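This report describes the fold of one protein and then turns to selected parts of it. Please keep the sequence and the structure in view while reading.

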Amino acid sequence: MIEALALVEARIDFSDEADVPEDLIGPALKIVKGLRNEIAEALVGAARGERLRDGLVVAIAGPPNAGKSTLLNRIARREAAIVSPVPGTTRDVIEVHLDLDGYPVTLLDTAGIRDSNDPVEQEGVRRARQRASEADLVLWVYDAKDGPVQSGASPFSGSVTQWMVRNKVDLLARNEKNELKKSDEFGISDIVF
């Protein structure tokens with residue numbers, strides 16, 4: 001930029017001097033166009049840099065008692081969420097900030113998505129749906145014994161990137177485990193971790 005500015009100023013200040021070339025504007029414009037292209041490339045790559053700086057948001061969603069909070073705790077390697085056999089234990093979104101191999105990740109544990117008459121649980125489900133729909137990735141976790149249909153289909157199909165995660169596979173019969181190996185779903189359990 002300084003070089004381009006110097007060329008333009010030299011053309012203006014010394015236009016009547018014999019030893020100053022006539023066309024100083026052309027090289028200055030060439031320099032400025034090159035800088036414009038570099039700035040445009042930097043702006044296009046800004047989203048990638050922002051993603052690396054801010055990290056990914058991964059929502060763990062699914063029906064009640066699918067093992068979402070247990071999965072969050074296992075990944076976080078601490079008890080960040082309450083785990084209980086009582087459906088509807090998680091009622092608010094729990095955030096855990098992690099460094100996974102140098103990449104920042106915000107992991108969200110959400111309320112079990114289901115219809116409820118309880119106004120507090122309804123608010124938890126509303127928040128779960130909202131935060132999951134804004135996430136970069138949704139891990140739709142469901143109980144292996146229920147299957148994806150019985151446990152409730154993901155409400156995020158097509159609107160956000162999601163991975164189907166069949167949990168508690170250690171509780172399946174051998175033939176059901178073999179069927180899982182043939183599918184494109186992830187199968188996990190406490191034993192697998």
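## Overall architecture

The secondary structure of the protein consists of 7 helices and 6 strands. Read from the N terminus, the elements follow the order α-α-α-β-α-β-β-α-β-α-β-α-β. The model is a predicted one.

The protein has 193 residues, and 33% of them are buried. Its accessible surface amounts to about 12,500 Å², and carbon and sulfur atoms hold 55% of that surface. Among the contacts with a separation of 6 or more, 51% join residues 24 or more positions apart.

Met-1 belongs to the segment before helix 1. Is this residue buried or exposed? Met-1 counts as exposed because its relative accessibility is 66%, and the cut-off for that class is over 50%. Although Met-1 and Val-32 are 31 residues apart along the chain, 6.9 Å separates their C-alpha atoms.

Helix 1 spans residues 2–13 and helix 2 spans residues 25–44; their axes come within 8 Å and cross at roughly 160°. Helix 1 is therefore roughly antiparallel to helix 2, since angles over 145 degrees are placed in that class. The crossing of helix 1 with helix 2 is left-handed. On the side of helix 1, the contact involves Glu-3, Ala-4, Leu-7, Val-8 and Arg-11, which meet Ile-25, Pro-27, Ala-28, Ile-31 and Val-32 of helix 2.

## Helix 4 and the residue after it

Helix 4 covers residues 68–76, and its buried residues are Lys-68, Ser-69, Leu-71, Leu-72, Asn-73 and Ala-76. Just after helix 4 comes Arg-77, which adopts a positive phi of about 60°.

## Val-160 in its loop

Val-160 is located in the loop that lies between helix 6 (147–150) and strand 5 (162–167). Its relative accessible area is 12%, so Val-160 is buried; the limit for this class is under 20%.

Which residues are in contact with Val-160, leaving aside its neighbours within four places in sequence? They are Ala-132, Ser-133, Ala-135, Asp-136 and Val-138. A C-alpha to C-alpha distance of 7.9 Å is found between Val-160 and Glu-134, which are 26 residues apart in sequence.

How values were computed. Residues numbered from 1 in each chain as written. Predicted model: local features only at pLDDT ≥ 70, side-chain atom pairs only at ≥ 80, totals over all residues. Heavy atoms only, no water. Axes fitted to C-alpha atoms, helices over the stretch in contact; angles between N-to-C directions. Helix = DSSP H or I, 4+ residues; strand = E, 2+ residues; numbered from the N terminus. Parallel < 35°, antiparallel > 145°, perpendicular 65-115°, else oblique. Left-handed = near helix turned anticlockwise from the far one by under 90°. Contact = heavy atoms within 4.5 Å. Buried < 20%, exposed > 50% of the residue type's maximum accessible area, 1.4 Å probe, protein only. Areas by Shrake-Rupley, 256 points an atom, 1.4 Å probe, with all protein chains shown as cover.
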